Amino acid sequence: MGALSHSARLRIELFSHHAFEAIVKIQNSSAQAAAWSEADYQRLTADPEAMVLVAVLEGTTPPEIIGFAAFHRVGEEAELWNLAVAPQHRRQGVAKALFQEACRRLVRAGATRLFLEVRASNAPALAFYRAAGFKTLTRRKEYYQNPNEDALVLACQLVPELAN
Ligand SMILES: CC(C)(COP(=O)(O)OP(=O)(O)OC[C@H]1O[C@@H](n2cnc3c(N)ncnc32)[C@H](O)[C@@H]1OP(=O)(O)O)[C@@H](O)C(=O)NCCC(=O)NCCS
């Protein structure tokens with residue numbers, strides 16, 4: 001789909017408050033992403049177990065924030081809590097770059113497994129997670145509301161080589 005991969009012009013960095021406005025826009029155009037408030041992001045920034053990464057496209061003035069991913073880690077187990085890429089920038093390796101950087105940081109921090117929950121009908125996300133090496137662990141019946149839907153619980157192993 002994407003004519004040109006963004007990877008050469010992407011910078012992945014930790015969330016800071018100036019990114020919030022761009023993240024809200026991405027959340028608003030991504031119904032499958034959790035719609036978090038500024039207070040939610042402030043709480044996560046202050047939480048040593050949480051990590052929010054943003055993908056910044058360089059070469060625009062100012063550099064454009066085009067995706068984000070939020071994780072939480074307790075000991076060896078990490079969880080993906082939120083993820084979205086701006087619709088016009090999908091299929092250009094942005095989520096992949098966010099995950100690569102997240103895995104590096106999570107492994108360095110001691111994580112060995114990464115878990116997530118996803119709506120069973122979210123085909124693009126499922127395709128992304130499977131391509132990233134996730135396997136389905138279980139199905140949680142009618143886990144989501146509005147609309148009611150099952151969740152799939154996916155997991156992947158984080159190997160030390162990812163830290164490099
Ligand atoms: C899921 C999502 C984050 C993927 O982001 P992305 O930046 O487009 O993904 P990438 O470009 O890094 O994709 C990497 C690989 O994943 C797979 N993939 C990603 N999106 C796909 C799709 N729509 N259909 C099929 N495969 C897909 C492909 O193998 C792709 O590699 P390729 O483009 O070389 O074929 C994006 O579709 C999104 O923001 N969706 C809305 C929010 C959402 O659903 N969040 C997850 C909630 S659990």
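Seven strands, in the order β1-β2-β3-β4-β5-β7-β6, make up an open sheet with mixed pairing. Its edge strands are β1 (10–14) and β6, each of which pairs on one side only. From one strand to the next, the twist averages 25°; the axes behind this value are lines fitted to C-alpha atoms (for helices over the stretch in contact), and angles run from 0 to 180 degrees between N-to-C directions. Strands (E, at least two residues) and helices (H or I, at least four) are DSSP runs numbered from the N terminus, and two strands pair if DSSP finds at least two bridges between them.

The model is predicted: local features need pLDDT of at least 70, side-chain atom pairs count only at pLDDT 80 or more, and totals for chains, interfaces and linings use all residues. Residues are numbered from 1 along each chain as its sequence is written.

**Strand pairing**

Strands of a sheet pair through backbone hydrogen bonds, in either the parallel or the antiparallel sense. The table lists antiparallel pairs of this sheet, with one pair of bridge partners or opposite residues for each.

| Strand pair | Bridges | Residue pair |
|---|---|---|
| β1 and β2 | 5 bridges | L10 and L57 |
| β2 and β3 | 8 bridges | A55 and G67 |
| β3 and β4 | 8 bridges | G67 and V85 |
| β6 and β7 | 6 bridges | K135 and A155 |

β3 covers residues 64–74 and β4 covers residues 77–85.

The hairpin of β2 and β3 has 6 residues between its strands, and G59 there takes a positive phi near 100°. The loop between β2 (50–57) and β3 also holds P62, which is joined to T61 by a cis peptide bond with omega of about -10°.

A second hairpin is formed by β6 and β7, with 4 residues between them. How many of the 10 residues of β6 are buried? The number is 0, so this strand (residues 135–144) lies largely in the open. A residue is buried if 20 or more other C-beta atoms, placed from the backbone, lie within 10 Å of its own, exposed if there are 12 or fewer, and partly exposed in between.

**Chain and dimensions**

The chain has 4 helices and 7 strands, and from the N terminus on its elements run β-α-α-β-β-β-α-β-α-β-β. The radius of gyration is 15 Å, close to the 15 Å that the globule rule gives for 164 residues, so the chain is as compact as a globular protein of that length. This radius is taken over C-alpha atoms, and the globule rule is 2.2 Å times the number of residues to the power 0.38. Along its principal axes, the C-alpha trace spans about 45 × 35 × 35 Å.

Of the 164 residues, 28% count as buried. Among contacts with a separation of 6 or more, 64% come from residues 24 or more positions apart, a contact being two C-beta atoms, placed from the backbone, within 7 Å.

**Ligand shell**

The ligand is surrounded by 20 residues, of which the closest are Q32, R90, A95, P124 and A127; a residue is near the ligand if its C-beta atom, placed from the backbone, lies within 6 Å of it. At least two shell residues come from each of β4, α3 (94–108) and α4 (123–131). Which element gives the most to the shell? It is α4, with 5 residues.

By class, the shell divides into 12 nonpolar, 5 polar and 3 charged residues. Ala, Val, Leu, Ile, Met, Phe, Trp, Tyr, Cys and Pro count as nonpolar, Asp, Glu, Lys and Arg as charged, and the others, Gly among them, as polar.

**Backbone exceptions**

Most residues other than glycine have a negative phi, and most peptide bonds are trans. R91, in the loop between β4 and α3, has a positive phi near 60°. This residue is partly exposed, with 14 other C-beta atoms within 10 Å.

N146 lies in the loop between β6 and β7 and has a positive phi near 50°. With 5 C-beta neighbours inside 10 Å, N146 counts as exposed. The peptide bond from N146 to P147 is cis, with omega near -5°.
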